[in-house]
Amino acid sequence: MGSWSPAGVVSHTGAAGLTLGGGMGWLSRRFGLTIDHLEAVELVTADGSLIETSPDSEPELFWGLRGGGGNFGIATAFHFRMRNLGAVTAGTWIYGLYRARAVLQALADAARAAPRELTLSFNVKQAGCTVTAFTQVPLEKALDLSAPSEA
Ligand SMILES: Cc1cc2nc3c(=O)[nH]c(=O)nc-3n(C[C@H](O)[C@H](O)[C@H](O)COP(=O)(O)OP(=O)(O)OC[C@H]3O[C@@H](n4cnc5c(N)ncnc54)[C@H](O)[C@@H]3O)c2cc1C
């Protein structure tokens, strides 16, 4: 799957706001936050200066940018450490809303035993409740795929 850095679970959120806020996503259980992969930020400050911040250059400002939001200037470039991932699998199951209790129980049980390579998310929508799994190991190794029993 090429080179990755952890980002959000929804692809249309902006990389800048997400990174400046910390950034948590499908890879975070295994690799941490987006800011854990941030190596440098180019920033235009209020007086118009363009500065590079990193652990070695303006380190306190760099520290503040890693979660402090848009309070310090306009970030014009982000440099990330990338990771190589192998194959990943993602899938969504949709259940009738009346099964929400059983689905949530099954999800809680699965989460307890889940390896770091597996991330699960639960949503309630008009069409029903959904469980989405994203895994970097084969799905059958990451998750018991037997259907949740009726509530
Ligand atoms: C549907 C949805 C799903 C989300 N899912 C996730 C998720 O999975 N993980 C997660 O971590 N977060 C998630 N978020 C939160 C999201 O990361 C924040 O809302 C983030 O601020 C969005 O970034 P943006 O650039 O699109 O936002 P904007 O609203 O454009 O900006 C947010 C803040 O950052 C500042 N800002 C934006 N760009 C810059 C820049 N270049 N330089 C300086 N300041 C800047 C803005 O001034 C503002 O204060 C989600 C949000 C939504 C709406």
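Biologist: Which helix gives the most to the shell around the ligand?

Modeller: It is α1, with four residues. Keep in mind that this is a predicted model.

Biologist: Which elements supply at least two residues of that shell?

Modeller: There are two to name. Helix α1 spans 15-20, and strand β4 spans 74-80. Each supplies at least two residues.

Biologist: Which residues come nearest to the ligand?

Modeller: The shell holds 18 residues. G8, G14, A16, G17 and G70 come nearest. A residue counts as near when its C-beta atom, placed from the backbone, lies within 6 Å of the molecule.

Biologist: What is the make-up of the shell by class?

Modeller: Eight residues are nonpolar and ten are polar. No charged residue is present. Gly is counted as polar here.

Biologist: Where is P55 in the chain?

Modeller: P55 sits in the loop between β3 (50-53) and α3 (59-65). The C-alpha atom of P55 is 7.6 Å from that of A40. Along the chain, P55 and A40 are 15 residues apart.

Biologist: On to the strands. What makes β2 and β4 a pair?

Modeller: Bridges do. Two strands pair if there are at least two bridges between them. Strand β2, residues 38-44, has six bridges with β4, so they pair, in the antiparallel sense. L43 stands opposite A75 in β4.

Biologist: What makes β2 and β3 a pair?

Modeller: Apply the cut-off of at least two bridges again. β2 and β3 share four bridges, so they pair too, also antiparallel. E42 has a bridge partner in β3, namely E52.

Biologist: What do β2 and β3 form, and which residue in the turn has a positive phi?

Modeller: They form a hairpin, with five residues between the strands. In the turn, G48 has a positive phi of about 90°.

Biologist: Last topic, the domains. What does the domain assignment give for the chain?

Modeller: It gives domain 1 (3-84) and domain 2 (89-142). The centres of domain 1 and domain 2, taken over C-alpha atoms, are 29 Å apart.

Biologist: How many residues does each domain bring to the contact?

Modeller: Domain 1 brings four residues, and domain 2 brings six. On the side of domain 1 that touches domain 2, two residues are nonpolar and two are charged. None there is polar.

Technical notes. Residues numbered from 1 in each chain as written. Predicted model: local features only at pLDDT ≥ 70, side-chain atom pairs only at ≥ 80, totals over all residues. Domains from an automatic or database assignment. Contact = placed C-beta atoms within 7 Å.
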